[in-house]
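Work through the exercises below with the sequence and the model open. Try each task before reading its solution.

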Amino acid sequence: MSATQEFRIKWGMVIDLDKCTGCGSCMVACQAENNVAPAEDGLNRRRALNWLLVYRLSNGKPFPDHDIAYLPRPCMQCGKPSCVSVCPVVATTKDEEGGIVSQVTPRCIGCRYCMASCPYHARYFNWHDPVWPAGMEKTLTPDVSVRPRGVVEKCTFCHHRLMAAKDRAYAEGRDPEKLPDGAYVTSCTEACPNGAISFGDVNNPEHKVHELIKSPYAFRLLERLGTDPQVWYVSRREWVRRLGDNYLNNEPTKG
Amino acid sequence: MEDRQESTAPQKEVCSRFKCRLCGVAPFFVGIVVALVFGWWLFPTLMFNSQEQPVQFTHDTHVNVAGLDCNYCHKIRPDGTFSAIPTTKECAVCHQVLLGESRAERVFWDEYVRPGKEVAWLIYQKQPDNVFFSHAPHSLENCNNCHEFSKTELCLFCHVNVKDKAPTYHENRLSGYSKDTMKMWQCERCHANPNHLAGTAANNACFVCHK
Amino acid sequence: MEGKNYNLPADAAFFPEGVERCSLLRFVLHLVPIVLLGLWGGYAAFRVLASGLGVTALDDYFGFGLWIAFDLGVIALGAGAFFSGALRYLLNIDKLKNIINLAVIVGFLCYSGAMLILVLDIGQPLRAWFGYWHPNVHSMLTEVIFCITCYCLVLIIEYVPLMLENRQVVKNRFAHALAHNFHLIMPLFAGIGAFLSTFHQGSLGGMYGVLFARPYVFRDGFFIWPWTFFLYILSAVGCGPMFTVLVATFMEKITGRKLVSWDVKLLMGKICGVMFSIYMVFKLIDTVAWIFGILPDAGMTFNQMFYGWIYGRWLLFAELIVCGVLPAYLLLRARYRERPALFYISGLLACTGVVINRYVMTVQTLAMPVLPFDRWETYAPNWAEWGASAMVFAYAWIVVALSYRYLPIFPQERELNKK
Amino acid sequence: MLDRRGFLKFVGGAAVGTLATPVVWKGLDDLSIWTQNWPWIPRLDKGNNLNTYISTTSKLCPSACGMRVRLVNGRPVRVLGDESNPLSRGGVSALASAEVQLRYSPARLKRPLRRTADGTFVAIPWYEAEALLRAELVKAARDGGLMCLSGDENGTMNELLSALTVAMGSSDFYLMPGEAQTTAAAWKSLGGRGRVGYDFARSDFVLAVGAGVLENWGPVVGNRRAWGRARPQDGEPAMRLAYAGPVQNNTAAGADWWLPIRPGSEMAFLMGIAQLLFAQGCPSAGVESFAELAAVWTPEKVARATGLAPERLQQVVEQLAAARAPLIIVGTDLGQGGEAAPVILGMALNTLLGRVNQDGGLRILPEPEPVFPRAMSYGDMMAQDFTAAVRAVADKKRAAPSLLMIYEANPVYAMPRGAGVEELLGSAGFSVSFSCFLDETARRCDLILPSAMGLERFDDVNTPFGLGEIFYALCQPVAEPLYESRAAGDVLLDLARLIGLDMGYATFREALEARAASLGLDWAGLMKGECAISRATLPLESLIFPSGLIAEALEGRFIQPEKGALAVATFTKLAFGTADSAIPPFATKLITDAELTAGELSASMNSATIRELGLREGMKIRLVAGEMSLPARVRAFEGVAMGTVALAAGFGHTNFDAFNNGKGANVMDLFTTVEEPGTGLAVWRCPDVKIVKA
């Protein structure tokens, strides 16, 4: 249990759950961007590999008072990740400016201890070697390595896009450590037709997310466990916010 | 106890103490020597195959004779990507006609320029898919904040000397890596050097070099 | 030279001195089903290595399953080796020499079996050495990896002199000298073993206790060690020696020969009674602290920890009462302990209790939803996982059978079976 | 010398010696590097790290999604949103997002296939296929027996196909049934001119009745972009949305209010709104007949028909009245085979609210001028009813076509089982399918011609259905057609020339250039991804409320299902494909228990309904309607109207690829076609079903 490291830059995601309609565009964009193999049978939710997964939330009331919400769940890039300290081989770290939790699959030995530690189920194991239909491997992007069976992987906030943004900054003679708002966004952020996802440096007042996380309707998942996630959710609906954490009956909803 | 002594006694009679000790140890030392020869000499040779470049390219001709600047062929594009090795089409900007009479030029022109085929260059410094490397931050500008590298010095820091004839390429039969592929500890000569952490944006975070 | 006695089994020359063994044919025949079981398990292991963990029933919810529970269980049960060793060599409780050899063998089998399973259980066995080369010192698993391999080496070192004492092997002067010298330094290894084993029994518990985002197992603790660290040590020493006794008794039933005297067993039982009682006291305190401290802090209630029959309250009741307080009490009180039936039953219950503990901490932890909008999942191992575990069982059976037949592991055997 | 003992010593020595060599650690290291680069794991092709981007428009996604296709060394790898596209503004649908991957679908056709006498297919070269089709065209030209069905919704391709059909002496050119035809029929009944669009983006209160405006209706990516922008995370929403429909679907999830109404009760709901509007003093001058019809539809009566609480209806009307720019959009979940009467009511209500030709209202758009000589006009195309034609052939009321030509449509899968499409294919003299995929329809044709996909050809989008403005965008090839596939437009133009027809253009690209010129657009700009938008409208002329038609349509409806029977509602997700496509590779992971349970179609019902029928969750059942039945599993979901079972559309493909086949069942197996009372339109309808425990 290493101490929390503070960073000057903190890449954060803010997802407006009132704007998410659960279309799955983010999930498709994520898979294509990160070279996740398509699954012929994606129905097994306990084996289907998703860096980003859209959960369906219900207010639990019977018809006609029923309400529904969708919650996209990337890796939370926790400020105090439960996965990092447990990895026996330093395959996952939180050591880079920006606070993205890395996952180095060539180092991973596949013990799955990190998966046991993560309460968000953000980590996925390659139970089989990835398979693409003949020819479809030609659509692999050069940005993210293809993972073999036997290793754990997870959302990286499209880290390769951060590196690309930095390279562009170098080429243009700008400071790569001071990226303007929007110079680096994740694939899901970009793909969402509703604009439900915002992304940026939450520490930087020039970035939109800096203000968005201060919303009284903002909350994070399982905050009371002390993971300090870098993904915020926003909803004006109290029942949605209450599903963001575990509450005893008498406790008021935060946010 | 008596039993035991009885059973070992006949052996003692067969060979003398001295002889026994010698013939006893010899195979052991032969084994050591064989293993050392295999491990240090045969094994490294067997591990790699050798390949020659499809075209005998020399930087000397291009830099010193033709007077090209490195950036002419290897440039950082405006989006920060690195153009790496030029395509045949790009080479053909100059090589649209035979330049000189060397065999290499003839091969290049006949087999690649004319049919418009790409050369399957062997990359000495080839990195695997799981490594992210960008030339953009490893620039003269960045490094010379503190160092005083010349352009060649900086390039040669990582790249094998290709000044004259292109060297033979050795590929590891098991891992598929080039013999000259930099291993992590070599990158860490700079990346894990504390002096670099202050002066540049370089650091040794895993995701700086892995993808 | 010995004359050939055709009334003796064909391999009688290899038997320990002065003991009777069944005929070679009978011995081989009894191994046939075990070997078949082992072959089936070997096939399962081969499938896992060749095509990956996809052939198991593990999934992204149950990254840990039967194998990890199995490992933790056998390692706890194998703790008899280090604890009896420590008592025998460090505290000089001489009587224990009569069972220490078996404890070592059982310990070795438990540890080597666990390592075998671990090789299957990690996704990239060929990278297993990263654990030593690129260790993360903050990870409890690193502590486990180091201690478990080191301790396995220690157990090999403890086992080797036993093997050298085979009647034929020991005739070799070198082997004889080696065995003798090993025996001399055994207290040193017992000490190292005790240290290593204590630590990794603890770090196995620590592995779960540090999971601060898994309220089912998360525990506060002392310095970097959560309470589970200490609970695992206590529970292991509380049940390990009893497991050795149970194995010895089982062997007696199978072979029809007396191997360990009742007073030695009673001594082991008494030690276990004390240790297991201490464990239960702390475990009960820990459970109360968990219900009233950790769970409400996480916004959860005790009731939320259980689901249906498969992860029901009966598991907790079985672990803490039937297989916890009850055997602890029975073993602690001489009156009950001295009645063989109660003695063995309490031993069985104590071992079962510890195995239940390892199982629920592995599986129920993962089955329980932490996200409020997630749901309970259930897990059942498939043939590949059972097969690989059966392979380890077969391996252990075969090694114990061979050791019993050819090695002088029970110093009392000759005495106890005098007609 | 080397006895056993000596050999063992040698081995021992070798072992010790080896430890002092690099063999062990180098071997171990290389072995783990090998695991990091297993030869059977695909390698990344970095090339020279050259990224290029081409802007184009999706033909796959019905919302005319603007796409910025990323190519690495000329290889298309990703579909990204195009920020500069005025309609989709950087958004991209789940369907379009997977378009480059879909090129490599295992169902993709590789070469022309001809059906042999024994029913199997053989691959033939293109010249043979063309010769075959040419001969059939010549024959059809003689007897005028060509029937052509197009899956294209809005492109110039339809002009080519219709021009060809007309030139061949036939008038049997049809579009796949869609919302556009229903809307056009409704508009015609009101006596309107031109075509109708909805200015979703500028409205501040949208009441969507049945239309999944946030998931699958009309220019959905554009809708969602506008809706999202109108609802800033850190401010008050500038647009409110109410959705009335039987299922709490993805549109309902985004809507401020979900108004659960029984399937098929949209008209009652709309009449209720009209009643309240008139009661609140909405001027009924000119629409007296409407007011008269509406008068009886009190909230209580509406509640009986729809199941919606009266106060909720009142609330909607208050919101409509309070809004600055309210808009009512009526549609169907399937987007196909819908009834015209509710759409008429929706249009009438928009008129009543004074929303015609207003910003954020119903807008009357001019029809596009055809560039192909002899091509059917937009209005003529809309008036063609494929469902009716199929029925007529099946009922022997007209002759079967001698040549049936299907262009990128899959009616066998996407139309009601009871519509008679298979019978049509069986009775046609010769059938040919221009298709990208070996789908259910292609498999029943005599000749299959592999079509280049939208990413591999020139094509265009001319005002997608539902959009409130004129919009034009180009599709251009970002890669060569895969395998032997070819752009159907060019193939047909070649063939037409060979049989002596002058279509006016040598290549399809020329036709598109002519289109651009006719619209006054710069080709180079279109190629860069620029789109043309015009907000021109046709003036509103006096509309006539077809009260007779509506009265007839209302008659005998809204009868409660008989005991034990359930009304069927479908829900559609764009990610699972359209009528002409299927589930793209990545979208299989989007499937949840809402769609499938244990591999079978989920029959979602609210818990009260489940209790009433004595069912249990997860139970295997069959939904039975007359002779038709569908296997499913019970799923409890509180977002379904009373007495209703909700089923996902888009599943149950039998002949597509491994990502589709064997997943669930096709809801179209329950549907049949009927004639809509009043309009006479051939509409699709699912009868009430009985649940049988399987």
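Two residues are in contact if their C-beta atoms, placed from the backbone, lie within 7 Å. The model is predicted: local features need pLDDT of at least 70, side-chain atom pairs count only at pLDDT 80 or more, and totals for chains, interfaces and linings use all residues. Residues are numbered from 1 along each chain as its sequence is written, while chains are lettered from A and ligands numbered from 1 in the order in which they are written.

**Exercise 1. Count the residues of chain A and chain B that are in contact, then sort the side of chain A by class.**

Step 1. Chain A brings 22 residues and chain B brings 20.
Step 2. Ala, Val, Leu, Ile, Met, Phe, Trp, Tyr, Cys and Pro are nonpolar; Asp, Glu, Lys and Arg are charged; the others, Gly among them, are polar.
Step 3. The side of chain A that touches chain B then has 10 nonpolar, six polar and six charged residues.

**Exercise 2. Trace the open sheet of three strands in chain D.**

Step 1. The strand order is β1-β2-β3, with antiparallel pairing. Two strands pair if DSSP finds at least two bridges between them.
Step 2. β1 (51–57) and β3 of chain D are the edges, each pairing on one side only.
Step 3. β2 (residues 66–72) of chain D joins β3(D) through six bridges.

**Exercise 3. Are the residues of β8 (residues 195–198) of chain D buried or exposed, and which strand pairs with β8(D)?**

Step 1. Buried means 20 or more other C-beta atoms within 10 Å of the residue's own; exposed means 12 or fewer; partly exposed lies in between; C-beta atoms are placed from the backbone.
Step 2. D:Arg195 and D:Gly197 on one side are buried, and so are D:Val196 and D:Tyr198 on the other.
Step 3. β8(D) pairs with β13 (residues 362–365) of chain D, antiparallel, over four bridges. There, D:Arg195 stands opposite D:Leu365.

Definitions and conventions:
Helices (H or I, at least four residues) and strands (E, at least two) are DSSP runs, numbered from the N terminus.
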